[in-house]
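Hi there,

Here is the structure I promised to pass on to you. Have a look at it first, and my notes on what turned up follow below.

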Amino acid sequence: MAENTRSLLAKIWDILGKAGLTSSQERIVYIAALLTEGNAHLLSFPEEYRPHKPPVIRGIDEVTLKHYLEQVRAQEGLQGDAQLFDQFVLFYTSSFVPKDAYPIPRHIVHFMLNLLDIRPEHHFADFTCGSGGFLVNTARRPERMIGVEISSDWRSIAVANAALHQLERPQIDFHLDNAFHACSPEGVLSNQTFHRIAMAPSFGRTIDKRLAQAVLADDTITTGVSEVLFTYMAYKKLAPGGRAVVMVPISLLTNRTGNALRQRLIDEHVLEAVITFQAGMLQPFNNERVALLLIQQKQKNWPPLEQCWFLNLEYDGYPRNPNRDLLSPPSLLENDLPLAQKVLHPEDHATEIENSHPAQASLDIQHQTAVPITLMQVPENATLVGLRHFAVQKNTQIKHFLLAQVQQNEHISLTAVSLQEQTLQPITDSVAWRRELYNIPEEVPPPEGDLLVEKAIAGQKLAITREGRLLGVSKAFSELARNAYSLITSDFTATTRETSDLVTNTSAHISLSMNEAISEAYQSAHILFLELSQIEQQISNLQGRLEDLETPGRFGEPLPPIQPISALILRYLGTKQYNHWEKLQPLVEVSLRGKDTYPIPFHPQQIEAPGMNQTEIAQLLQLLEHLGIVIKVSGNPSEGNGELPRVAYRRVSRRDIFPREKHPWE
């Protein structure tokens, strides 16, 4: 049976770890250097740009390493090394240092690039390029691409990524620099602007305000917060008519630090969309909630933007938990990314929903054929004074309907929209329509539906999913200014639920509240989860007891696994000392069933290593203790002579390491 991709990558990671490459960046750089050996595109970059294999303390069997990489290619049906590196090697692990330096999940990268509509004639930049994900994944390669990165390791990874994607200088170039210094009057990018910019900068970093003022030519800047200044820089470095998309923390949409930036983007009518993600969509790297700001620079003779879209994405094709597997493609069934893309770039050939009474039409409704999304626009001289969602079960299918109430010249009209059938129908009697929809007898009051939108003014647009979920609304810039320049999406897309939505089984005349149904399903799932967790804990306890029984030389209670030794620490050992440690290590550690390695407590007098006397063992243990590799523990008394406990040692375990401070989102 063929091994799966994750187990093959685990073997590769294990080989590199045993050679002393302890960080994910080091291992990725090594693989990058291995994959680009003999790559002609890499030769276009200076030697210092290219990835070089980090020094190792033990030899690496590259034949085996290449064999595993080839197996991954075959397993995934890959034609070359570009996808292997960009989609699999980079996303095998979620452990990066620092924690906020990680590759952006590629389905989100593709979504952001699709929003920009990059064309071959464009100049494209990423001022915090990391692994180069935005630059190498453009569908239509632009004429000129620039990446700026402050870390030499990440720049070498980005260069390798570009070479594997058959990109080379001068079409693409990378600068190892602080982005603000690179864009300063003395920097290499001082006078350059770009047609398209994509960025996912680190959050919460501090930038020199005076440098930012010089780069952005704005003496009014009073903050040094990175996400504010990077967003401002993206806007300032756009060519006329250019477009930028920047990932920011959700706090930037409302906090005082970002108020001046929000005010500028709104007052200048350059903010095209605010797209919020749910917490967990950046897992497994972090659980922070983020948003995308889509910015469009003004162009002479172009009509200015009048409204800004606010989209609230709940699904991205993966579960929102730390176990999401980015090595697998996202699901298209529960995925708001393609829906949001069609909202911002609607089809020219989208179908108008059929209207059986055109003269009575009260809404402009357009159905996107490629994805299940419906766009509505309130016509001129009209106001939407209510939009409700109804779901009804017929046989085995659930049908979704909207009921729109539109006021125009003192006249109120009702329109029913079938989201599945893509039809609309003028309604004169709301109660009769609802009774017929649910097949409810007259003595039973019909459901009121779920209030999606309480009010929308002329020209305002709405985006509704096929299941009747409000994905987003547009707002006029004047209204945003009146709202104190807040950009929090839930202010505009949150539903006002006056009554429960009803899903009705028409054959049995049995009504079930949607909220009750969801609550009941959630409760059942939660109970099942708790039961499975208890079973899993019991299994874990049993396994732990079995492993404890198999652990030789155990003193007292079972110990947790050992703490891996940093390659940097081992470099403090001299050649002779390191040789002695290699002899000592198998005597003080034990690996059970190929899983974790556990420490074996021991007395120095119990150690018998060839070529080492007790003095050398004592000196080595003293050095290892100072380096944090072993610690002293209480030993057992000598058998039968009543002596006090002698000094014993054991390897440092994970229990002995001070836990790092947790971030608020963890």
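**What I found**

Asn301 is exposed, with a relative accessible area of 74% (exposed means over 50% relative accessible area, buried under 20%, and partly exposed in between, with a 1.4 Å probe and protein chains only). Before going on, please note that this is a predicted model, in which local features need pLDDT of at least 70 and side-chain atom pairs count only at pLDDT 80 or more, while totals for chains, interfaces and linings use all residues. Residues are numbered from 1 along each chain as its sequence is written, and side-chain values use heavy atoms, with hydrogens and water left out.

Back to Asn301: its phi is near 70°, a positive value in a residue other than glycine. Asn301 sits in the loop between β7 and β8 (307-313). Helices (H or I, at least four residues) and strands (E, at least two) are DSSP runs here, numbered from the N terminus. Ala217 also has a positive phi, of about 50°, although it is not a glycine. You will find Ala217 in the loop between α9 (209-216) and α10 (226-236), and it is exposed, at 65% relative accessible area.

Most residues other than glycine have a negative phi, and most peptide bonds are trans. Two cis bonds are worth a look on your screen. The bond from Arg169 to Pro170 is cis, with omega near 5°, and Pro170 belongs to the loop between α7 (152-164) and β3 (172-176). The bond from Gln283 to Pro284 is cis too, with omega near 10°; Pro284 is in the loop between β6 (271-277) and β7 (290-296).

Next, a hairpin. Strands β15 (residues 411-418) and β16 (residues 423-427) pair in the antiparallel sense over 5 bridges, where pairing requires that DSSP finds at least two bridges between the strands. Val417 stands opposite Leu424 in β16. There are 4 residues between the two strands, and Gln422 in the turn has a positive phi of about 60°.

Finally, the inside. The largest nonpolar core has 90 residues, and Met247, Ile275 and Phe277 have the most contacts inside it. (Such a core is a set of buried Ala, Val, Leu, Ile, Met, Phe, Trp, Tyr and Cys residues joined through side-chain atoms within 4.5 Å.) Helix α7 gives the most to this core, with 8 residues. Apart from this core lies another, of 48 residues, including Leu216 and Ile488.

Happy browsing!
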